[in-house]
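Work through the exercises below with the sequence and coordinates open. Each task is followed by a stepwise solution.

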Amino acid sequence: MEQRPKRYFPNPWLHGLQETTEFSQEVWAAKTSELINLITSKLPPSAADGDGGLYVGTGGVGYMFYHVSHSPLYAAEKDQLIQKGLEYVKAALLYTHQNVPLRQTEECAFLLGPAGIYAVGAALYQAAGSVAEAQHFCQLYKSLSSVILPVDFLSCGGDELLVGRAGYICGALWLQKVFGSPIVPLPELHKVCQSIITSGRNYAKRTKSLSPLMFAYYDTEYLGAAHGLSGILQMLMSVEGFLQSDPSVERDVRATVDYLLSVQSLEGNFPAATDEVRLKSRRPEDELVHWCHGAPGVVYLMAKAYLMWQEDRYLQSCIKCGDLVWEKGLLKKGPGICHGVAGNGYIFLILYRLTQNDMYLRRAEQFANFIFSDEFQAGARSPDSPFSLYEGLAGTVCFLNDVLQPSKAAFPFMEIF
């Protein structure tokens with residue numbers, strides 16, 4: 001049988017980092033600026049490109065400008081970066097307004113819909129000193145919390161990260177960090193979390209799941225960060241006091257984390273969905289080593305579990321994830337953060353923050369180097385949205401910026417510390 005081509009480039013540094021390229025702040029800040037200029041020239045702010053929310057729409061580029069504006073490397077340009085970000089978010093908001101009437105359930109989508117645009121808009125207006133506009137968008141975001149409380153508010157599955165309750169929680173936690181105080185009051189977030197718990201218990205009981213909590217999105221029981229179990233659990237664990245408010249909740253969440261831990265392969269990866277656990281259907285050459293599906297996304301949950309419960313097995317799971325990504329993470333799908341080299345590079349920045357081991361920082365730097373290599377430029381595919389936050393270069397810019405500030409590095413909206 002003919003062997004399928006691998007999804008990743010061979011890692012030229014797999015057995016050592018002796019050939020490390022000098023990674024200086026000046027050189028890499030210049031490379032980052034070049035990418036920003038490329039993005040703005042190829043994808044100017046336009047409502048016509050607003051579809052896809054923060055994930056692949058203009059709103060995600062607005063987030064990129066907000067992210068970079070907080071870097072000390074760009075302190076002199078902060079005001080210009082904020083204003084540029086506002087241009088992109090205004091275009092995304094115009095797209096939203098042009099496409100009403102939206103069902104309120106669709107409006108709640110964080111990464112793929114209006115809610116995420118409201119959140120990033122609030123942050124950018126706040127940074128620009130436009131307090132009234134910032135509060136307006138905060139209020140819009142807060143008003144959506146009641147919409148997502150009914151357990152079956154989305155028929156396709158309303159618990160995951162891109163369009164569901166976990167995404168709404170993700171945005172609320174990010175806004176709390178931006179503004180320094182809760183935008184969605186904690187009791188309301190606890191209600192949203194409880195709806196997730198009820199949904200997960202009901203589904204697990206109905207399907208006789210091996211896990212006390214389980215969820216489906218379009219009838220698939222995903223396990224990864226984007227649509228699946230790990231992203232949902234991470235958000236539940238990130239809401240202050242929720243697990244501690246009910247021993248049965250913490251019991252079920254922890255048992256579900258341990259279920260996920262039990263299906264991690266010896267090599268370090270996680271199945272994309274439960275059908276792969278049962279059938280072992282995916283060949284090694286077809287293995288998904290992506291943030292959206294696989295170890296590069298589940299690592300954030302395991303890191304959160306380690307920080308919360310201080311058990312070494314969760315840290316060892318993270319280390320196995322990192323070793324897998326070091327071998328198979330130079331993806332041919334492109335430079336992005338969802339299923340690309342930059343997203344996989346973030347795993348080393350998280351491991352660096354967890355362990356303070358400089359090896360992980362060197363590995364992150366090498367993933368950044370590889371994005372600019374002749375081999376990658378010649379052999380990588382062009383994403384459908386090549387300048388966007390999750391598929392394209394806007395996310396790459398966030399990663400490069402974070403490599404230069406490793407002590408504060410965090411995958412967009414996925415801060416665990």
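Buried means under 20% relative accessible area, exposed over 50%, and partly exposed in between (1.4 Å probe, protein chains only). The model is predicted, so local features need pLDDT of at least 70 and side-chain atom pairs count only at pLDDT 80 or more, while totals for chains, interfaces and linings use all residues. Residues are numbered from 1 along each chain as its sequence is written, and side-chain values use heavy atoms, with hydrogens and water left out.

**Exercise 1. Packing of α4 on α6**

Task: Determine how helix α4 and helix α6 are oriented to each other, and which residues make the contact.

Solution. 
Step 1. Helix α4 spans residues 78-98 and helix α6 spans residues 114-127; their axes are 9 Å apart and form an angle of about 150°. Axes are lines fitted to C-alpha atoms, for helices over the stretch in contact, and angles run from 0 to 180 degrees between N-to-C directions.
Step 2. Angles over 145 degrees count as roughly antiparallel, and α4 and α6 are therefore roughly antiparallel to each other.
Step 3. On the α4 side, the contact residues are Ile 82, Gly 85, Leu 86, Val 89, Lys 90, Ala 92, Leu 93 and Thr 96; on the α6 side, they are Pro 114, Ile 117, Tyr 118, Val 120, Gly 121, Leu 124, Tyr 125 and Ala 127.
Step 4. Sorted by class, the residues of this contact are twelve nonpolar, three polar and one charged. Ala, Val, Leu, Ile, Met, Phe, Trp, Tyr, Cys and Pro count as nonpolar, Asp, Glu, Lys and Arg as charged, and the others, Gly among them, as polar.

**Exercise 2. Packing of α3 on α6**

Task: Find the angle between α3 and α6 and the class make-up of their contact.

Solution. 
Step 1. Helix α3 covers residues 58-69, and packs on α6 at an angle of about 35°, with axes 10 Å apart.
Step 2. Gly 59, Gly 62, Tyr 63 and Tyr 66 of α3 meet Ile 117, Val 120, Ala 123, Leu 124 and Ala 127 of α6.
Step 3. The contact of α3 with α6 has seven nonpolar, two polar and no charged residues.

**Exercise 3. An annotated site**

Task: Locate the residues that UniProt lists for "binding site".

Solution. 
Step 1. The unreviewed UniProt entry lists Cys 292, Cys 338 and His 339; such annotations may be inferred rather than shown by experiment.
Step 2. These residues spread over 48 residues of sequence, yet their largest C-alpha distance is 6.6 Å.
Step 3. Cys 292 is in the loop between α12 and α13, and is buried because its relative accessibility is 6%.
Step 4. Cys 338 is in the loop between α14 and α15, and is buried at 2%.

Notes: Helices (H or I, at least four residues) and strands (E, at least two) are DSSP runs, numbered from the N terminus. Angles under 35 degrees count as roughly parallel, over 145 as roughly antiparallel, 65 to 115 as roughly perpendicular and the rest as oblique. Contact means heavy atoms within 4.5 Å.
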